[in-house]
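Please keep the structure open while reading.

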2 protein chains.
Amino acid sequence: MAQLRLQFQSHLLPLAHTFTLSHSSRTHTPITFVAIQWDEYTGFGEAAMPPYLGETPESSERFYASLDFSWVDDPGDLASLKAYIDAHAAGHTAAKAALDIALHDLHAKRLGVPLYTLFGLNPSNSPTSSYTIGIHPKNELLEILPETEAFGLIKVKLGGDSDRETIQLIRDYTDKPLSVDVNQGWRDEKKALDEIFWLKEQGVIYVEQPMPKETTHAMEWLTEQSPLPTIADEAVQRLVDIPSLVGRYSGVNIKLMKCTGLREAFAMIQMARALELKVMIGCMTESSCGIAAAAHLSALADWVDLDGHFLLAKDPYVGLGFNGGVVQVSNEPGLGVRPNGLNWDD
Amino acid sequence: MAQLRLQFQSHLLPLAHTFTLSHSSRTHTPITFVAIQWDEYTGFGEAAMPPYLGETPESSERFYASLDFSWVDDPGDLASLKAYIDAHAAGHTAAKAALDIALHDLHAKRLGVPLYTLFGLNPSNSPTSSYTIGIHPKNELLEILPETEAFGLIKVKLGGDSDRETIQLIRDYTDKPLSVDVNQGWRDEKKALDEIFWLKEQGVIYVEQPMPKETTHAMEWLTEQSPLPTIADEAVQRLVDIPSLVGRYSGVNIKLMKCTGLREAFAMIQMARALELKVMIGCMTESSCGIAAAAHLSALADWVDLDGHFLLAKDPYVGLGFNGGVVQVSNEPGLGVRPNGLNWDD
């Protein structure tokens with residue numbers, strides 16, 4: 001009988017540019033890729049692990065090595081596989097997401113349909129993606145701005161010392177809509193509100209994680225007063241966290257690497273909608289493999305921030321399109337991506 | 001180009017036995033059946049409308065007649081179809097469930113896979129179903145008990161004047177595990193707790209909707225003290241209600257007719273699991289069409305109560321199996337049921 005076979009390999013991938021947030025800066029990003037085989041089919045997945053989130057290639061590889069899939073007689077039983085993987089150890093959300101993505105790729109390939117079909121979606125409903133600009137000195141910023149050309153929305157990382165100058169510099173360059181991501185950088189809700197009113201005048205359409213994730217009453221006040229939607233990012237990880245956002249934020253940034261993958265993200269989106277929260281689908285710095293997985297769900301989002309693969313110097317997966325500012329999945333079965341210089345055993 | 005075509009027809013179906021709850025009694029049940037066609041494929045669905053829930057064949061038919069599907073160019077875009085149907089009018093949860101079931105049947109038939117495959121489930125994980133006994137005088141009860149023979153769990157409707165006599169009569173007949181459904185019939189939480197302790201000694205494994213659905217503090221106390229899980233039924237309708245159950249109930253009875261169908265039920269089950277609530281999948285008095293839809297999700301449930309089709313004098317759909325106490329879906333594409341004496345236009 002067929003057996004479920006898991007392979008994995010880790011890489012420290014070089015970035016196209018040094019990436020600076022309010023709390024860190026880096027030139028490479030660690031990723032562990034997985035491949036899951038069943039009969040003649042192979043599903044691909046990816047664990048993208050920015051260092052500040054606590055997972056590493058070593059922790060993922062230990063997690064994978066400790067799993068036992070010998071009990072699996074039906075790789076289409078995604079429910080039992082998710083339950084087993086999730087209960088095997090706490091945490092490891094990116095490592096789990098890689099398995100979930102690969103199992104979905106495998107499942108859809110065995111059925112011969114693109115992944116969005118399994119979720120009952122039409123990918124032509126996917127909104128344009130934003131392109132993210134890190135925190136840079138003025139001269140670097142001027143060099144980077146031309147890269148935003150093909151995008152309909154520019155996401156700007158704030159929380160540094162010269163936020164308004166950054167926004168004004170971008171405004172001098174383009175009148176495209178902007179979004180901002182403060183990455184918990186603001187501490188005073190009254191100053192935050194002043195800043196948001198100013199940002200709205202500059203054409204900003206939403207504000208991501210303005211204050212520290214633990215903030216409750218101040219975030220309730222800020223969301224109530226804010227002329228722009230506030231979006232939870234660091235304040236939310238998984239499905240269980242969604243109900244607690246009501247009243248504190250206007251919406252949620254759902255990322256596969258935080259929530260263990262597609263199956264949980266799909267439930268999170270529906271719970272968020274039922275609670276009248278806005279839905280944003282985001283990413284880490286990832287290859288086209290992880291980005292494709294998120295892009296297959298993006299028809300369900302109000303806003304999409306799926307630019308992680310553009311930040312890599314070289315993408316180890318190909319097959320994803322980009323047109324009119326929209327990250328476009330292929331109509332091939334599964335994720336619709338294939339390795340590009342990455343080797344897997346047959 | 002192909003067009004989405006909706007047909008519907010209503011029937012007052014005779015029951016095999018008069019069915020008595022704590023608040024009503026009936027000999028027939030009203031059902032509106034739907035068929036949705038696209039190209040050469042037809043998906044079947046059903047709205048089962050027990051009179052005390054407020055929907056009627058007339059309200060469903062008016063709802064269907066007011067819909068306009070001329071915009072649909074992709075019947076696999078279940079997300080957009082659900083959003084359109086749900087926003088078209090408030091309420092109508094059974095009428096909406098019929099459309100959701102038919103659209104899932106159609107989608108899975110077009111893909112050539114059984115419905116459980118779309119949800120990533122293995123139907124061999126489905127638990128045994130209970131068989132429900134209404135409130136009957138002793139002589140009728142003795143006649144009905146042999147019908148429970150093939151089932152592994154008997155669900156007993158309580159809230160009448162002779163609950164303990166009923167349980168004892170059943171205990172004299174069989175030592176199978178029991179569950180009870182009080183349908184909001186108990187008013188005093190201390191008496192309810194005494195009753196639950198007694199029921200546990202009689203081999204009862206869970207208690208459904210012991211007190212009125214509006215009960216909050218008393219239900220929190222009862223659930224905290226209860227030696228058996230308490231399950232919300234009337235207290236929950238849709239996904240948005242799930243988070244409010246935490247602390248008030250141990251679990252939730254999810255029914256397609258309450259929650260607008262499979263797509264929302266699937267999200268409800270996952271939200272309930274994330275909140276550590278038990279999951280029960282139940283039904284109304286329905287044909288094999290609606291029961292099959294619920295049975296395709298039943299691998300996700302702790303307990304299943306899918307006996308509605310056994311309560312009909314004649315079932316207008318066939319194709320569902322029953323073996324070892326488990327309601328078994330077929331491996332045919334879609335729901336795996338076909339009309340049995342019900343006529344649809346080609």
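How far apart do the C-alpha centres of domain 1 of chain A and domain 2 of chain A lie? The model is a predicted one, and in it these two centres are 22 Å apart. Domain 1 of chain A covers residues 5-113, and domain 2 of chain A covers residues 118-339.

The two domains of chain A touch through 34 residues of domain 1 and 34 residues of domain 2. On the domain 1 side, the elements that give two or more residues are strand E1 (5-20), strand E2 (25-38), strand E3 (41-48), helix H2 (78-88) and helix H3 (93-111) of chain A. Of these, H3(A) gives the most, with 10 residues. Sorted by class, the side of domain 1 of chain A that touches domain 2 of chain A holds 17 nonpolar, 10 polar and seven charged residues.

Next come the sheets. In chain A, eight strands make an open sheet with parallel pairing, in the order E4-E5-E6-E7-E8-E9-E10-E11. Strand E4 (130-133) and strand E11 (303-304) of chain A have a single partner strand each and stand at the edges, so one side of each lacks a neighbour in the sheet.

Chain B has an open sheet of eight strands with the order E4-E5-E6-E7-E8-E9-E10-E11 and parallel pairing. Its edges are strand E4 (130-133) and strand E11 (303-304) of chain B; each has a single partner strand, so one side of each is left without a neighbour in the sheet. Elsewhere in the order, strand E8 (residues 230-232) of chain B runs parallel to strand E9 (residues 251-254) of chain B, and two bridges join them. Ile231(B) has Gly251(B) in E9(B) as its bridge partner.

Helix H2 (residues 78-88) and helix H3 (residues 93-111) of chain B pack at an angle of about 165°, with axes 11 Å apart. H2(B) and H3(B) are therefore roughly antiparallel to each other, and their crossing is right-handed. From H2(B), the residues Leu78(B), Leu81(B), Lys82(B), Ile85(B) and Asp86(B) meet Lys96(B), Leu99(B), Asp100(B), Leu103(B) and His107(B) of H3(B). This contact has five nonpolar, one polar and four charged residues.

In the second pair, the axes of helix H7 (residues 189-201) and helix H8 (residues 217-225) of chain B come within 10 Å and cross at roughly 25°. H7(B) and H8(B) are therefore roughly parallel to each other; the crossing is right-handed. Glu189(B), Ala192(B) and Leu193(B) in H7(B) meet Ala218(B), Trp221(B), Leu222(B) and Gln225(B) in H8(B). By class, these residues divide into five nonpolar, one polar and one charged.

Finally, the two chains meet. Their contact takes 25 residues from chain B and 25 residues from chain A. On the chain B side, H2, H3, helix H4 (115-118) and helix H10 (262-274) each supply at least two residues. Which helix gives the most to the side of chain B that touches chain A? H10(B) does, with four residues. That side of chain B has 15 nonpolar, eight polar and two charged residues.

Conventions:
Residues are numbered from 1 along each chain as its sequence is written. Chains are lettered from A and ligands numbered from 1 in the order in which they are written. This is a predicted model: local features need pLDDT of at least 70, side-chain atom pairs count only at pLDDT 80 or more; totals for chains, interfaces and linings use all residues. Two strands pair if DSSP finds at least two bridges between them. Axes are lines fitted to C-alpha atoms, for helices over the stretch in contact, and angles run from 0 to 180 degrees between N-to-C directions. Angles under 35 degrees count as roughly parallel, over 145 as roughly antiparallel, 65 to 115 as roughly perpendicular and the rest as oblique. A crossing is left-handed if the near helix is turned anticlockwise from the far one by less than a right angle, and right-handed if clockwise. Two residues are in contact if their C-beta atoms, placed from the backbone, lie within 7 Å. Ala, Val, Leu, Ile, Met, Phe, Trp, Tyr, Cys and Pro count as nonpolar, Asp, Glu, Lys and Arg as charged, and the others, Gly among them, as polar. Domain bounds come from an automatic or database domain assignment.
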